[in-house]
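Student: I have a protein open on my screen and would like to go through it with you. Could we start with the overall fold and then look at some single residues?

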Amino acid sequence: MPEKLFVCTPSKLGAYADCPRRYRYSYVDRPSPPKGPPWAHNSLGASVHNALKDWYMVPAERRGTESLPTLLKATWVREGYRDVDQERATYQRALDWLESYVATLDPEDEPLGVERVVAAKTGILALNGRADRIDTRVGPSGPEAVIVDYKTGRSGSSPDDARGSQALALYAFAAERMFRRPCRRVELHHLPTGTVVSHEHTEESLARQVRRAEETAQDIMAAEKAVAGGADPDAEFPVNPGSLCGWCDFRKVCPAGASAPVKESWTAVEHLTA
């Protein structure tokens with residue numbers, strides 16, 4: 001019998017690439033170990049993403065900056081902040097970002113998709129993922145799709161970040177098949193600085209990213225099969241200690257993570273209120 005396709009998202013593959021042990025805690029162990037408290041930077045990112053999604057849901061004539069306070073309040077996630085003062089200050093910064101960003105958009109533009117799930121299959125993967133936005137642009141040979149990803153972190157993005165992002169490449173791979181039009185351009189829109197970096201993939205570069213994803217999936221399936229056969233889970237899903245340990249949801253239950261410097265749930269947004 002042929003092997004079942006490995007059902008995955010880019011974030012699932014990324015979890016294993018970052019740390020096999022974190023992947024195991026998230027997707028293999030049942031029940032999953034308890035996670036730490038919610039992170040304020042995740043709350044901020046979700047709030048901004050959802051506000052932009054809802055901005056595109058209103059009629060074009062109402063897509064101005066004046067609608068943003070209501071949209072952001074409706075989508076605001078309050079978890080993870082140190083206190084009410086930090087939350088309020090972060091909300092105001094997020095609103096400033098949105099107003100500056102929306103001012104650069106044409107309200108008449110209708111994307112191909114907003115928070116759109118795209119999916120595709122290969123001989124190994126059953127891939128799906130949710131793209132922040134998929135634009136339609138006119139290219140040399142006609143209509144093209146463009147993957148747009150919003151970023152709200154402290155650090156800006158570089159063209160190398162766009163080029164090397166497996167997630168963006170997999171979104172492009174899936175979108176090209178779903179919409180039956182070329183999708184080679186991927187963009188990172190960093191709202192805090194208003195900068196946009198991009199990369200133009202080729203058929204070959206997308207194929208390389210898909211092969212990398214398939215190789216990761218094969219490693220995961222082999223580890224899961226070994227554990228099911230009685231192998232030591234710690235050996236099959238080794239820990240990858242490093243700077244990410246302090247930000248891991250499972251830091252307290254992981255021997256390597258427990259020794260990492262503690263990051264408070266609001267650490268990543270402290271600079272917004274400094």
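Student: What share of the contacts in the protein with a separation of 6 or more comes from residues 24 or more positions apart?

Tutor: Residues 24 or more positions apart account for 67% of those contacts, the ones with a separation of 6 or more, where contact means heavy atoms within 4.5 Å. Please keep in mind that this is a predicted model, in which local features need pLDDT of at least 70 and side-chain atom pairs count only at pLDDT 80 or more, while totals for chains, interfaces and linings use all residues. Residues are numbered from 1 along each chain as its sequence is written, and side-chain values use heavy atoms, with hydrogens and water left out.

Student: How much of the protein counts as buried?

Tutor: Of the 274 residues, 44% count as buried, meaning under 20% relative accessible area, with exposed being over 50% and partly exposed in between (1.4 Å probe, protein chains only).

Student: Which residues are buried in helix H2?

Tutor: In helix H2, residues 20–28, the buried ones are Pro20, Arg21, Tyr23, Arg24 and Tyr25, and what covers them includes strand E1 (6–8), H1, helix H8 (203–228), H9 and H10.

Student: New topic: how many aromatic pairs are there?

Tutor: A search of the whole structure finds 10 aromatic pairs, where rings of Phe, Tyr and Trp (its six-membered ring) pair if their centres lie within 6.5 Å, and planes under 30 degrees apart count as stacked, over 60 as edge-to-face and the rest as tilted. One of them is Tyr16 with Phe237, which is edge-to-face at 6.4 Å centre to centre and 85° between the planes.

Student: Where do Tyr16 and Phe237 sit in the chain?

Tutor: Tyr16 is in helix H1 (residues 10–18) and Phe237 is in the loop between helix H9 (233–236) and helix H10 (255–258), so that the pair links distant parts of the chain, 221 residues apart. Both Tyr16 and Phe237 are buried, and together with Tyr23 and Tyr27 they form one aromatic cluster.

Student: What lies over the face of Tyr27?

Tutor: That is Lys12, at 5.3 Å from the ring centre; a charge sits over a ring if NZ of Lys or CZ of Arg is within 6 Å of the ring centre and within 35 degrees of the ring normal.

Student: Last one: where is Thr122 found, and which residues does Thr122 touch?

Tutor: Thr122 is found in the loop between strand E2 (113–121) and strand E3 (125–139), and Thr122 is buried, with a relative accessible area of 18%. Not counting residues up to four places away in sequence, Thr122 touches Leu5, Phe173, Val210 and Glu214. The side chain of Thr122 also makes a polar contact with the side chain of Glu214 at 2.7 Å, a polar contact being a pair of N or O atoms within 3.5 Å, where within protein one must be able to donate a hydrogen and the other to accept it, and residues adjacent in sequence count only if both atoms are side-chain atoms.

How values were computed:
Helices (H or I, at least four residues) and strands (E, at least two) are DSSP runs, numbered from the N terminus.
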